[in-house]
Amino acid sequence: MLLFAVAHQKFAIAADSVQEIRSTDSLAGSAVELSHPVLSKVRHTLEHSGHTYYVVNAGAHFDLPVSRPGLVLILRQSRVAVLIDYIERMTEIAAPYPLPLAFAGAERRWYRGLTYLDDMVIPVVHAGGFLTAQECEQLDRVTNSTAPQHDLQGVVSA
Amino acid sequence: MMATQSTARNSFIVLQIGSGRFALSADAVVELSAPVRLHTFPHTFPAVVGVIVRRGRIVPVYDAASLLAGRSFSHHRFYVVARRRIGQASELGAMPVSGECELASGDMRPPAAGSPAYVRGVLPVGEESVPVLDFNTLINAYVSPEPGTAGEGASS
């Protein structure tokens with residue numbers, strides 16, 4: 001598992017669901033600002049290895065206070081890249097605890113479960129939960145209908 | 001055997017939540033826990049303030065005070081852990097308790113007319129009548145509150 005942080009909140013994600021981790025500073029030229037963003041959490045696309053990724057700001061996705069993302073996780077077998085603040089470490093954990101049934105909203109899509117590590121309960125993120133199929137369709141409609149604007153700084157300030 | 005069951009039915013845990021006193025049937029209570037660390041993470045259900053870890057289980061904590069007392073309290077002395085039914089399943093849930101807890105015995109009387117659905121009845125404790133809560137209905141009231149009940153104290 002990769003442990004990462006966004007706005008002082010820690011999350012875990014399966015390491016094999018992440019294809020690559022890049023610094024936001026290294027994305028100059030490959031990030032494209034959406035001219036008409038339809039989702040507040042997605043303001044850019046990223047061209048990488050011949051594929052286009054929707055860049056999801058994890059802070060906006062989880063409704064956390066504004067932070068300054070320093071890294072982008074490019075997810076494997078996905079059209080999503082995720083802006084995060086930093087990677088804390090990589091570690092092995094037992095199977096996550098199921099998310100209690102009390103959590104009945106969007107968090108059931110966000111999380112695979114919870115893990116208890118170093119006296120902390122940490123949500124284990126579902127890599128496929130950053131964008132719904134409907135959100136992808138919305139973004140597809142916008143990106144197919146508008147011309148891209150290359151943005152050298154945009155991803156960092158997303 | 002029957003005597004034991006009868007005693008259990010008539011035993012109640014009296015709790016202080018905010019400035020009000022409430023009771024839960026003792027057989028509904030799994031544990032009274034010290035105020036262990038509350039863990040929080042992003043989610044969308046405002047009735048849940050976080051989770052605690054008890055005996056290897058992750059237990060959601062419900063902000064009962066905001067429903068019963070009209071506001072949340074940051075300081076509490078215990079968590080009362082009870083079982084909640086959710087559809088066909090059930091799981092443990094916890095509520096922060098802001099004062100002392102007592103074990104009381106007595107016969108529950110019917111609730112006053114117009115009481116919220118989560119009040120099963122009233123328990124005479126000394127000269128006081130303490131509302132007896134149905135934990136499950138109380139939490140469900142968060143999900144679909146009855147008109148006019150959210151945030152109103154039910155203590156008499």
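pLDDT is the predictor's confidence in each residue, from 0 to 100. Keep that scale in mind, since we start with confidence.

What you see above is a predicted model, where local features need pLDDT of at least 70, side-chain atom pairs count only at pLDDT 80 or more, and totals for chains, interfaces and linings use all residues. Residues are numbered from 1 along each chain as its sequence is written, and chains are lettered from A and ligands numbered from 1 in the order in which they are written.

For the complex, the predictor gives an ipTM of 0.85 and a pTM of 0.83. Now chain B. Its mean pLDDT is 82, and 83% of its residues reach 70 or more.

Contact here means C-beta atoms, placed from the backbone, within 7 Å. Residues 145–156 of chain B are also below 50, with 27 contacts in the model beyond near neighbours in sequence. Where pLDDT is low, the predicted coordinates should not be read in detail.

Next, the interface. On chain B, 15 residues are in contact with 18 residues of chain A. The elements of chain B giving two or more residues to that side are β4 (48–54), β5 (57–62) and β7 (89–97).

Now the sheet in chain B. Five strands form an open, mixed sheet, in the order β8-β1-β2-β10-β9. Strands pair if DSSP finds at least two bridges between them.

Strand β1 (residues 11–17) of chain B runs antiparallel to β8(B), joined by four bridges. Ser11(B) has Ser105(B) as its bridge partner in β8(B).

Last, chain A. Strands β10 (residues 111–117) and β11 (residues 120–125) of chain A run antiparallel, with six bridges. Tyr111(A) stands opposite Val125(A) in β11(A). The two strands form a hairpin with two residues between them. In that turn, Asp118(A) has a positive phi of about 50°.

Technical notes. Contact = placed C-beta atoms within 7 Å.
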